[in-house]
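Hello! Here is the structure I promised to pass on to you. Have a look at it first, and then read my notes below.

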Amino acid sequence: MMMSQQSRTSLAAKNIFWGYVGNVSTMLISFATRTVFIYTIGITYLGINGLFTNVLGVLSFTELGIGTAMNFSLYKPVADNDREKIKALMQLYRNAYRVVALVVAVLGLVLLPFLPYIIKGANEIDNLQLYYLLFLFNTVSSYFVTYKYGLINAEQRGYILTNINSAFHIAILLAQIAVLLMYKNFLGYLLTQSAVQLIQKIITAFYIDKRYPFLKDKNIKKLDSEETKKIKKNVNALIVHKIGDISVHQTDNIIISALINVTVVGLVSNYNLLVVTISTFLNIIFNSFTAGFGNLIATESKEKQLEMFTVYHFLGFWVFGFTTISFIVLIQPFITLWIGPDKLIDNFSMLLIMANHYLMGQRITVNNFKIAGGVFNEDKFISILQSVVNLIVSVTLVRFIGLPGIYIGTVLQGLISNLLRPAIVYRVLFASSAVGYYKDFVKYFVVTTLTAILMLYISNNVLKTVNLKSFVVMVALTAVIPNMVFAALFWRNKSFKIILQRIKSLAKGRARNAG
């Protein structure tokens, strides 16, 4: 059935609301868990935890192509309430995910004997292979359930999964805190996670089967060859994209562990925890609109699509610009107060991590729209280029300048996507030139950079001595000043006005419902 703009916005708002409820809860407990972890079993084990997470991320390179193609393929049949097509697609994805589980399991076991070669500085750690096998079990077992998530996401009801995941995530963290305090044992920490996650997977699978009983029908029509061919083409292209994603998000810790020290992985993971925590909040906003964009692209004119994309891009600048400035100003003093100045990394590496956070924020607006529009094959070469640049630059520079060299590679490869991908999206989806996008991109970057410099000048005076009082004052200033600068510069901007109008409409709608 046709979905109105109001329906798209309402469901997106619901996804955002429940996403925030879940993430506020888990964020607080995650920090408590991380603090207990560091003080009970140490930063080296934290490095092991981050490293194995990345290793399994590399091994799961086949998954993203299927998952993203699945969501895209389901948008239209869900909108049309075409149950026969939905059943056929879900059967195809179930079989595909079983193959993925087998491939990841085999590759993971093959890698087992080579673990000592990618872990530097962990000679005193026993049971590394056992720890790794638990990570592998968690990853492989998830593929027997996650294929079912696509249908809920295509309906724009991701808040259902968010609520389930949040409840179990909180249960895992609380149980892990108890294990750490009582036993100070990494194996118990991992076993607790595996056991609760397994229960979660069973309950989630049961819930989805009950919500969509027609998926259990035995009478399923096969997809026609043309549809299957199109899906395979998208999957193949998206696997190439995954290689690029892996080169950015999953290899940094492996390079740090192999060429510097696994303990440094633990230090960096504290920064990543903060960045990922905030990014998760932001991604709830931006990813909540993806399914709505799929419906928009299927039902609205290119002019309307371009207008909404421009608004989306502006929102990305504001939100990620503000959080980037906040990180640059506040993250070093926060870690100093949280776990001590001996847990800091150098300022140059920190600035590069934050530059990557900002650039990722600009990419998410392009990537989510292109995913909704099914632009998978046209830009796959970009991912290969990103992968080559990242690995060559990172591995080369780390030998000369250490940790900053890895993040220079990360930032440079990201710029490739920021510069090349928008032109393809504009040409394929909007049949338009991307000149306007690049003008906005440069303008937003300059505003963010100058505002960051202003805030650093202020922080150098406020945070001469890092203590709780000066930190709270700087948090308050950072919350207000960048947003005032943005508002003063863009209050006449059309996208700004549209966003304000949408916020007012949602607020009025909630007020009427409350009344």
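**What I found**

Ala 431 is exposed, with a relative accessible area of 60%. Please keep in mind that this is a predicted model. You will find Ala 431 in the loop between helix 16 and helix 17. Although Ala 431 is not a glycine, its phi is positive, at about 50°.

Lys 184 is not a glycine either, yet it has a positive phi of about 50°. Is Lys 184 buried or exposed? Its relative accessible area is 55%, and the cut-off for exposed is over 50%, so Lys 184 counts as exposed.

Ser 30 belongs to helix 1 (residues 5–40). With a relative accessible area of 16%, Ser 30 is buried, because the cut-off for buried is under 20%. Not counting residues up to four places away in sequence, Ser 30 touches His 169 and Leu 173.

Leu 306 is part of helix 13. Its relative accessible area of 24% makes Leu 306 partly exposed. Which residues does Leu 306 contact, leaving aside its neighbours within four places in sequence? They are Tyr 426, Phe 430 and Ser 432. Tyr 426 is 120 residues away from Leu 306 along the chain, and yet the C-alpha atoms of the two are separated by 8.4 Å.

Now for helix 10 (residues 252–259), which packs against two other helices in these notes. One partner is helix 16 (residues 403–430): the two axes come within 11 Å and cross at roughly 155°. An angle over 145 degrees counts as roughly antiparallel, so helix 10 is roughly antiparallel to helix 16. The crossing of helix 10 with helix 16 is right-handed. On the helix 10 side, Asp 252, Ile 255 and Ile 256 take part, and they meet Leu 403, Ile 406, Tyr 407 and Thr 410 of helix 16. Sorted by kind, the residues of this contact are five nonpolar, one polar and one charged.

The other partner is helix 2 (residues 43–59), whose axis lies 8 Å from that of helix 10, at an angle of about 125°. Helix 2 and helix 10 are therefore oblique to each other. Their crossing is left-handed. Helix 2 contributes Gly 50, Leu 51, Asn 54, Val 55 and Val 58 to the contact, while helix 10 contributes Asn 253, Ile 254 and Ser 257. Here the residues divide into four nonpolar, four polar and no charged.

Enjoy exploring!

Notes:
Residues numbered from 1 in each chain as written. Predicted model: local features only at pLDDT ≥ 70, side-chain atom pairs only at ≥ 80, totals over all residues. Heavy atoms only, no water. Axes fitted to C-alpha atoms, helices over the stretch in contact; angles between N-to-C directions. Helix = DSSP H or I, 4+ residues; strand = E, 2+ residues; numbered from the N terminus. Parallel < 35°, antiparallel > 145°, perpendicular 65-115°, else oblique. Left-handed = near helix turned anticlockwise from the far one by under 90°. Contact = heavy atoms within 4.5 Å. Nonpolar A, V, L, I, M, F, W, Y, C, P; charged D, E, K, R; others polar. Buried < 20%, exposed > 50% of the residue type's maximum accessible area, 1.4 Å probe, protein only.
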